[in-house]
Amino acid sequence: MTFANDFYLYYIKEIISPYYRCNILFPSIDMPFFKCNSTLHAFELSKVLFFQNYSKLDYAANIKLFKDCLKVGYDVQNFDKTKWDNVKFDIMYNIEYQKYMQNENLREELISSKYDNIEFVYANPLDSYWGIGLGEYTNAALNKSQWEGLNRHNEILQKVRTNIIDYYSKGAN
């Protein structure tokens, strides 16, 4: 974790990372809730559900290791990249929103004033969609013009953060 200028660089072990271990009860349409152990787990399980790979559902729902989450996601049958690209942002938003609404300590961290006017930077050299496509300890990670990725996870976190702050400012408990 690195604070630099207006950036907060993070990777796998940080609370805001999709890899961070926490319980998320994740709803699915016409099915029971699934207890996921991270955002990544819920996201890959969502892919299995979206493409109706019901034969893999039990295995996918009970995954414990991150590498197995990724494997399930890569092995989805009838995967259509165009269809997935059209829904994955909204799916990730819903998962992250559930993560922070269901875990008070994580929610309090996310809405902390220390993150006001800060861009969350997912410094993952293997991810150029959700992250910047660069590692946390590279000089280029500190220079937005050198990022090789879209950093879409920042957009998700900012939207979740704003919506949670709005929700609680209106007197919700």
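Visitor: How many aromatic pairs does the structure hold?
Guide: Before we count, note that this is a predicted model, in which local features need pLDDT of at least 70, side-chain atom pairs count only at pLDDT 80 or more, and totals for chains, interfaces and linings use all residues. Residues are numbered from 1 along each chain as its sequence is written, while side-chain values use heavy atoms, with hydrogens and water left out. Rings of Phe, Tyr and Trp (its six-membered ring) pair if their centres lie within 6.5 Å, and their planes count as stacked when under 30 degrees apart, edge-to-face when over 60 and tilted for the rest. The number of aromatic pairs held by the structure is 10.

Visitor: What kind of aromatic pair do F43 and W130 form?
Guide: Centre to centre, the rings of F43 and W130 are 5.8 Å apart. With 90° between the planes, the pair is edge-to-face.

Visitor: How many residues apart in sequence are the parts that F43 and W130 tie together?
Guide: Helices (H or I, at least four residues) and strands (E, at least two) are DSSP runs, numbered from the N terminus. F43 lies in helix α1, whereas W130 lies in the loop between β5 (119-122) and α6 (152-169). The pair therefore ties together parts whose separation in residues is 87.

Visitor: Are F43 and W130 buried or exposed?
Guide: Buried means under 20% relative accessible area, exposed over 50%, and partly exposed in between (1.4 Å probe, protein chains only). F43 and W130 are both buried.

Visitor: How far apart are the ring centres of F50 and F51?
Guide: The planes of the F50 and F51 rings stand at 90°, so this pair is edge-to-face. F50 is partly exposed at 34% relative accessible area, whereas F51 is buried at 9%. F50 and F51 belong to one aromatic cluster together with F43, F79, W84, Y129 and W130. The distance between the ring centres of F50 and F51 is 4.9 Å.

Visitor: Which residues does F50 touch, not counting those up to four places away in sequence?
Guide: F50 lies in helix α1, and contact means heavy atoms within 4.5 Å. The C-alpha atoms of F50 and V87 are 9.3 Å apart, although the two residues are separated by 37 residues along the chain. F50 touches K83, W84 and V87.

Visitor: At about what angle do helix α1 and helix α4 pack?
Guide: Two packed helices are described by the angle between their axes and the distance between the axes. Axes are lines fitted to C-alpha atoms, for helices over the stretch in contact, with angles running from 0 to 180 degrees between N-to-C directions. Helix α1 (residues 39-50) and helix α4 (residues 81-102) have axes 10 Å apart and pack at about 140°.

Visitor: What does that make α1 and α4 to each other?
Guide: Angles under 35 degrees count as roughly parallel, over 145 as roughly antiparallel, 65 to 115 as roughly perpendicular and the rest as oblique. On that scale, α1 and α4 are therefore oblique.

Visitor: How many residues in the contact of α1 with α4 are charged?
Guide: α1 contributes T39, A42, F43, S46, K47 and F50, and α4 contributes K83, W84, V87, K88, I91, M92, I95, E96 and K99. Ala, Val, Leu, Ile, Met, Phe, Trp, Tyr, Cys and Pro count as nonpolar, Asp, Glu, Lys and Arg as charged, and the others, Gly among them, as polar. The contact has 8 nonpolar and 2 polar residues, and its charged residues number 5.

Visitor: Is K88 buried or exposed?
Guide: K88 sits in helix α4. At 12% relative accessibility, K88 counts as buried.

Visitor: How is α1 oriented relative to α3?
Guide: The axes of α1 and helix α3 (residues 66-74) come within 9 Å and cross at roughly 25°. That makes the two helices roughly parallel.

Visitor: What relative accessible area does I164 have?
Guide: I164 lies in helix α6. Not counting residues up to four places away in sequence, I164 touches Y97, Y100, M101, R107 and I111. I164 is buried, with a relative accessible area of 0%.
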